[in-house]
Amino acid sequence: MALHAGFPVYCMRDIIDLLEERMVAGTEATGAAIIEWLREPGKKHRMNSLDVPVRNFILYGDQLAVDILNRIIEFVQFTVDNEGWAASEIDLETSTTGLPTLLLDKLIELLRDRPFGSGPRPVTPRTRRRRKPTIAYLPLDRQIVVEVPYPDVEPDVPWRVSFDGVSREALAERGWGVRADEEHPPTQVPVTGPVREILLQHVPSEESAQLSVIDKDDPLLIFDLDGRWIPRHTVLPRQCVLAVYPSDAQVVDTATGHTLIPTFTPDVPVGWTGWSVAELDLSTCRSIVLTRRGSRAPGGVRTVRDATTPTFEHGEAVDGLQTLNGLTVYGSRPEITLPANPGKQEMIWRIRVKRPDSSGWMVDTEVHGTDEELVVDPFEPIEDAVLGLFEIHVSGPIGSDLRQQAFLAEGISIEYTRPFRFPVAGGLAPVVATVSSEWDLAVPHPRVEFAPGDRDKLVTITQRERAYRLRVTPPYVQMRVDPVGAAAAWRTAAAVLTPAELDEDRNLALHAPKSEAAVFQLETVDGALIKDVTPDTPHYDYFQAPSRVFVDAARTAAQCRIVALVDDEHGRTTKIVLAHIRPAALCTGMTVEDGVLVLENPAEEEDLAVYLWARTAPWLPVQTVQVTEGHAKLPEAYVDAGPLLAHVFVDDPWVTVTPPSWPGDNALEVDQPGWMHDLSRERDNLSRFLAGEGPAPADAVSMPEVWAALALLPQESEDVHTQQLRSALGRILSENPRAALEALGSSTIPLPEMMALLIRTGLVYRSFAADFTMNDLHPNPWVGCMIEISDLPSLYDRRDYVAAERAETLDYLEDKGGKTLIEVLMRGKSAKLYGGVFDKDTILLDGMPASQVESIFEHARLVPGAVLDEDTRVSAVIDAFHNRRTWIEQGWSQSFGSATVRTLEVIKRTRGQIYREVAARNEKLEGVSTVKHPWMLLSLQSLTFAVLARMRAHDMLRHPPVTSDFEEAWAVMARLCPGLVMTDLLIAEALVTHACYGNLIGEN
């Protein structure tokens, strides 16, 4: 009988302890969120404390599990909010709590015996509600983004966002008009390609989040039509959704086995080459599954809400009106459709509404089901207009619950004096917004005037004692000229391009709300027509054309511009400048005069600005200075602070852009004497050393600053000063190799430079073992695997005392490194390593165009996997293949080939089993002329030198056969083939660890 309740009642203590653990951590307390957390990839250990029936309930309960957990959470929260609940005469039964009697009785018994939150760590009290980081899909941009919240502490410090270990900084944009005690809207950061995991960290506020995105076994993302992500273990709505999946896969109705046909032609998400985004109608499905190459993932079935469950439909949104934290404001009430009840047993639906900051329900009604569908207004008992944010719950039979949230300003509408705003001197064309109220909501100042410098303004809407400040943003045009496949960077200011940049295969795009048609034209600066083009219209209000259609004409015309002639719904035509074309860049050089940057040949553009990096303090964040009449005042600290790097750009006053962490190849050198002075003696000494004005610092210097200094050094320079700098900085890193590796993995240094620096600094020859192993698991999968493997001997020796830590480490290694890594750690070998390398068939690709090679191996590129998955290694080998000729020109030499032979002999004499694994790559080259094609030795040489380095780190070699010339050539290989070198170093670490310690994975 207990099983009919979802799980045996004796397991209820497991559920309560689980809820306490999550609520102590301050995380979202909903059934869906808890199930997602428990089932997160690579976190199998999280279920270790749960009884088997509870595990099965979580794994296979679908919506039933979500509903029961939600109802338990609701009851638990009731007991926390009402301390005297146990002694009160409140009617606690199935009809009031929604819980089966057996579960409810046990829950009451346990909470009376030990009240919730009375353990050693109290439950985190309720705090101001804020949205958590999540991913979303922007239909207009065809862009997947991660939504980053605005930090409460030091918001001017950017977030560190890691995409499968590749880190970048993201500055959260402050919400317009938001007060200190209010929530800001999230900032959208593009996800520029398929990733398994996104990690977010904001150090000053100690906020962090982890988002699992692509599951290699089930690479399917689902969003609703507004772009909101539907997590993997959440039941899907019975309506149209947006599905993102590899183009070589199909979404199948599991009941019929038929492939779902998209309602429109599938698109490609920006940057996600080889993937599709399609609108799919799930109204006739009970469940769906993704099939790829004839197979489907175990457990990959996604359940669709049953036809006998309620549905929810929002009212009409108010055009241009949002809450200060970015929520849509609806001007009419939502509708709930209750399903027909064809059976004889009575079906009762309970509809409740409350405000998020209240524990009491303002609406709590019951509706009896009929033999026909019922459309219900959840606010029906309320006669007045409704205003504010509301939570709406519909409950009936377990497994059919519905929960929604909406902000309503009933009866509010807005009219604007023009369909859209467009760029004018000083900002955007002025407009007037008139706010009207149909019912009893009051608008004290209904007329809102927008000057050119105003993009948003506040309007206050009141209802008796309640008042809400809402943001009005009249529709305005946006444009972009991004390279094809790059993230959409919308602007309100025209870009400035050279003809060469126009020839880089860019998208010229315009979004003009409520527009009817548009034509793109190339014209002289005087407005004379040179060429016109009719753009494509992939979406309503959206126009685009390839930039290359204007290249030839632009080169002939020299200075000109690209404009759009846009017709609005009233038949009026507006000219909008999309891009200015000029022969030279924005600036040809810079000098410093009396603390002022002087630009040479600056472009005559509004809003010019300069990014600045200090060569003598590269750890400092990039500075932005505004340009006025070709001059920009340097920040006081940057005057006489040594040489600078500068990049000129057109700043957009309406768009917050995170400055690049590192200067690009087109950055300009700005010479000046001195170094960056710092109150910290250690940093001041390091800065002075980098300027060549002092000795190498003897005091401790933090690792991130050392890596920042190394990253700005000319990577392959052979001048004496650079070599001395690199050698001195490398000695600092060698004092704590583990901390140095962790800092390198946490930096924003690109992977090619990262792997090359690992070799040039000698860190690749160091051990990463430490006495203290209870560290945070690293966000960079490769770095994390190298660190955690170094901890295995210690964890194994203490396995009876650190079982939980060891289980977490092993889960991490399997998830991030892959099953092949686990096999090598257990057995010291794996036949799977013999694939994904250069072999005799690779030579057949030598004469093919790069695009044809890519098409052959496209499947290996599509879905991100663990570091040592075969697809990951194949992808790395194809990257190496594309760079084979550059390797021959820049890195290969006869002496490097000789060093390979000597190293193989050393490995063979030292440890035969490791040699056999390395030599297997040589056997793959049987019949290939490596004299004619020396690049074919790349995968053999990469693993050979990786093994040499890790054997040296584990003190297995007395006299390694390496020279500085050899190390420099290997560093060049690492820069050209970073994926290959990275995966081979991890393979080498696993091989050497097994050779030294045996199987550290098992119990004995």
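Both F379 and F390 are buried, where buried denotes under 20% relative accessible area, exposed over 50%, and partly exposed in between (1.4 Å probe, protein chains only). The model is predicted, so local features need pLDDT of at least 70 and side-chain atom pairs count only at pLDDT 80 or more, while totals for chains, interfaces and linings use all residues. Residues are numbered from 1 along each chain as its sequence is written, and side-chain values use heavy atoms, with hydrogens and water left out.

A search of the whole structure finds 18 aromatic pairs; rings of Phe, Tyr and Trp (its six-membered ring) pair if their centres lie within 6.5 Å, and planes under 30 degrees apart count as stacked, over 60 as edge-to-face and the rest as tilted. One of these is formed by F7 and F57, edge-to-face, with 4.9 Å centre to centre and 65° between the planes. Because F7 lies in the segment before α1 (12-24) and F57 in helix α3 (residues 52-60), this pair ties together parts that are 50 residues apart in sequence. Helices (H or I, at least four residues) and strands (E, at least two) are DSSP runs, numbered from the N terminus. F7 and F57 are buried. F379 and F390 also form an edge-to-face pair, with 5.0 Å between centres and 75° between the planes. That pair links distant parts of the chain, with F379 in the loop between β22 (374-376) and β23 and F390 in strand β23, 11 residues apart.

Strand β23 (residues 387-395) also holds E391. At 10% relative accessibility, E391 counts as buried. The C-alpha atoms of E391 and Q405 are separated by 4.6 Å, although these residues are 14 apart along the chain.

The sheet that includes β23 is open and has eight strands, in the order β21-β20-β23-β24-β18-β17-β31-β30, with mixed pairing; two strands pair if DSSP finds at least two bridges between them. Since β21 (363-368) and β30 (457-463) stand at the edges, each with a single partner strand, one side of each is left without a neighbour in the sheet. From one strand to the next, the twist averages 40°. Axes are lines fitted to C-alpha atoms, for helices over the stretch in contact, and angles run from 0 to 180 degrees between N-to-C directions. Within the sheet, strands β17 (residues 317-323) and β31 (residues 466-472) run antiparallel and are joined by three bridges. The bridge partner of L321 is V472 in β31. Helix α4 (residues 62-81) packs on the sheet, touching β20 (348-354), β23 and β24 (402-409), and its direction makes about 65° with that of β24. Contact here means heavy atoms within 4.5 Å.

Another strand, β13 (residues 287-292), contains T291, which counts as buried at 17% relative accessibility. Not counting residues up to four places away in sequence, T291 touches A249, Q250, V252 and R296.

Helix α6 (residues 101-113) has 13 residues and reaches 18 Å from its first C-alpha to its last, close to the 18 Å expected. Its buried residues are L103, L104, L107, I108, L110 and L111. In helix α24 (residues 964-976), the 13 residues should span 18 Å, and the end C-alpha atoms are 19 Å apart, which agrees. Among the buried residues of α24 are F966, W970 and M973. The buried residues of α24 pack against α13 (751-760), α20 (884-890), α21 (894-910), α23 (938-953) and α25 (978-997).

The charged end of R884 sits over the ring of W935, 5.5 Å from its centre. For R22, the charged end sits over the ring of W37, 3.8 Å from the ring centre.

Most residues other than glycine have a negative phi. K514, not a glycine, has a positive phi of about 60°; K514 is found in the loop between β34 (507-511) and β35 (515-524) and counts as partly exposed at 29% relative accessibility. N601, also a residue other than glycine, has a positive phi near 55°. N601 lies in the loop between β42 (596-600) and β43 (608-614), and is exposed, with a relative accessible area of 55%.

Definitions and conventions. The expected span of a helix is 1.5 Å times one less than its number of residues. A charge sits over a ring if NZ of Lys or CZ of Arg is within 6 Å of the ring centre and within 35 degrees of the ring normal.
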